[in-house]
Amino acid sequence: MDVMHRSESEAWSALSNEQQLMILCSRIHLCKDHEQDIRLILQRGIALDYFMALCIKHKVLPLVTPHLIRLDNFKAIKLEYKKVMNHAYQGNRIKNELMAEELKLILEQARDKNVELIPLKGAWLIPHVYKDPGLRISNDLDFLVSLEQGQAISEMLQHMGYKPGHYDWASDHVTEVSEEEVLQWSTRSGNLHPHMKRVNNGFAKYIGVDFSYDVDLTRTFIASGGLQRGACTRELYSVPAKCLGTVDFLIHLAIHLYKEASHERWVRIDQDINLIKFCDVREYILAHVQELEWSEVAARSKELAAEEALYYALYYLKMIFNDPFVDQVQGYLSISGEDILKRYVAMEGGQESTWQTSFFDRFFSLSNSAEQDNSHGELTPAEQGAP
């Protein structure tokens with residue numbers, strides 16, 4: 001039976017100890033019932049290798065670490081694993097603190113150069129929602145930009161020591177790419193080519209900056225343009241910057257989650273479904289629950305052609321975390337049904353296909369590459385885009 005058709009209790013009981021533990025711990029705050037459930041699972045015992053692999057794949061290892069270290073009264077997690085987990089959390093904190101300083105410099109430069117960069121994802125979530133910089137992994141600094149300012153943005157970043165390129169771990173340096181690859185990337189991915197800068201920090205190695213001008217890859221620019229027009233000046237790390245409003249930021253998170261979960265290109269690089277994206281939506285809503293008017297959220301999602309994205313994010317958020325607020329907003333949406341949940345884009349700009357396995361099967365698989373048609377071949381870096 002497909003897990004989507006089971007009752008919530010049946011779906012939860014079908015999960016392994018490791019899967020339940022990851023979901024329970026992937027929260028900023030735990031209630032007493034969650035703490036008790038976590039202790040019971042630890043007492044029963046877990047397969048640490050599988051649990052660690054799940055948390056790494058879903059980018060929540062730093063988020064679960066403080067809870068598990070505090071609640072493991074039974075020493076179910078071996079000392080060697082705890083050291084690795086603690087290093088992941090502490091290293092992530094150091095990296096994010098470094099990136100925050102760089103973010104301030106970029107925002108200040110953008111203001112001086114009259115360039116508009118709108119911070120997205122972790123750049124805003126870490127200081128305002130997660131607050132502890134060690135909890136959320138952030139691979140790069142993400143911004144919403146207009147394509148027209150692309151050249152000016154690139155010149156600004158290159159003046160700061162960045163260059164369009166890729167960080168090579170083997171040689172420990174940034175390899176600059178050709179102008180042809182820069183153009184190919186921007187026309188295929190909806191992003192300007194990532195800019196990288198090597199830094200002298202053992203935990204960071206490099207800082208990457210990613211610029212999105214087509215947030216949902218529809219080429220209609222309805223969402224991108226609407227988000228840009230709705231941006232307002234707020235403070236980020238005490239620096240004035242153009243930022244998304246409260247409702248728009250939530251919709252942006254849903255768009256980002258849905259885009260990667262419904263495109264085969266992310267399946268091929270095992271980045272299609274990550275728990276951290278659902279954590280972002282959930283924690284953002286919890287942090288702003290008093291400010292969010294659900295009828296306004298639903299209406300705005302329709303304006304931005306993002307109803308499907310919001311529906312998808314909330315449907316599976318309910319399945320994973322079972323928070324009651326999800327029911328409050330879904331009633332305002334004008335769409336429903338499982339067709340939206342099951343389809344994905346099989347080729348960029350091409351036909352739609354249908355998932356062959358259930359959401360939870362894909363969610364807990366370490367790779368969903370079996371879903372793709374291998375005859376398409378491997379994507380080049382320019383075709384992959386930035387995860």
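A residue is called buried here when its relative accessible area is under 20%, exposed when the area is over 50%, and partly exposed in between (1.4 Å probe, protein chains only). By that rule Asp 72 is buried, with a relative accessible area of 6%. The structure is a predicted model, in which local features need pLDDT of at least 70 and side-chain atom pairs count only at pLDDT 80 or more, while totals for chains, interfaces and linings use all residues. Residues are numbered from 1 along each chain as its sequence is written, and side-chain values use heavy atoms, with hydrogens and water left out. Helices (H or I, at least four residues) and strands (E, at least two) are DSSP runs numbered from the N terminus.

**Salt bridges**

- A salt bridge is a side-chain nitrogen of Lys or Arg within 4 Å of a carboxyl oxygen of Asp or Glu. The count by this rule is 16 salt bridges.
- Side chains of opposite charge can pair when their charged atoms come close.
- One of the salt bridges joins Lys 82 to Asp 72, at 3.0 Å from N to O. Lys 82 belongs to helix H6 (residues 79–113) and Asp 72 to the loop between helix H5 (61–71) and H6, so the pair ties together parts that are ten residues apart in sequence. Lys 82 is buried at a relative accessible area of 19%, and Asp 72 is buried at 6%.
- Within helix H6, Lys 104 and Glu 101 lie three residues apart, about one turn of the helix. Their closest N and O atoms are 3.1 Å apart, in a salt bridge. An α-helix has 3.6 residues a turn, so residues three or four places apart point the same way. Lys 104 counts as partly exposed at 22% relative accessibility, and Glu 101 is partly exposed with a relative accessible area of 45%.
- Asp 248 and Arg 300 form a salt bridge with the closest N and O atoms 2.7 Å apart. This pair links distant parts of the chain, with Asp 248 in helix H11 (residues 246–261) and Arg 300 in helix H14 (residues 294–303), 52 residues apart. Asp 248 is buried at 7% relative accessibility, and Arg 300 is buried at 18%.

**Helix H7**

- Helix H7 spans residues 122–130 and is mostly covered, with seven of its nine residues buried.
- The buried residues of H7 are Gly 122, Ala 123, Trp 124, Leu 125, Ile 126, Val 129 and Tyr 130.
- Lys 131 follows H7 and has a positive phi, near 70°.

**Strands E7 and E8**

- Two strands pair if DSSP finds at least two bridges between them. Strand E7 (residues 232–236) pairs with strand E8 (residues 239–243) in the antiparallel sense over five bridges.
- Glu 235 stands opposite Pro 240 in E8.
- The hairpin of E7 and E8 has two residues between the strands, and in this hairpin Tyr 237 takes a positive phi near 55°.

**Cysteines**

- A disulfide is a pair of cysteine sulfur atoms within 2.5 Å, and the structure holds zero disulfides.
- The cysteine sulfur closest to that of Cys 232 is in Cys 243, 7.1 Å away, too far for a bond.
- Cys 232 is partly exposed with a relative accessible area of 33%, whereas Cys 279 is buried at 1%.
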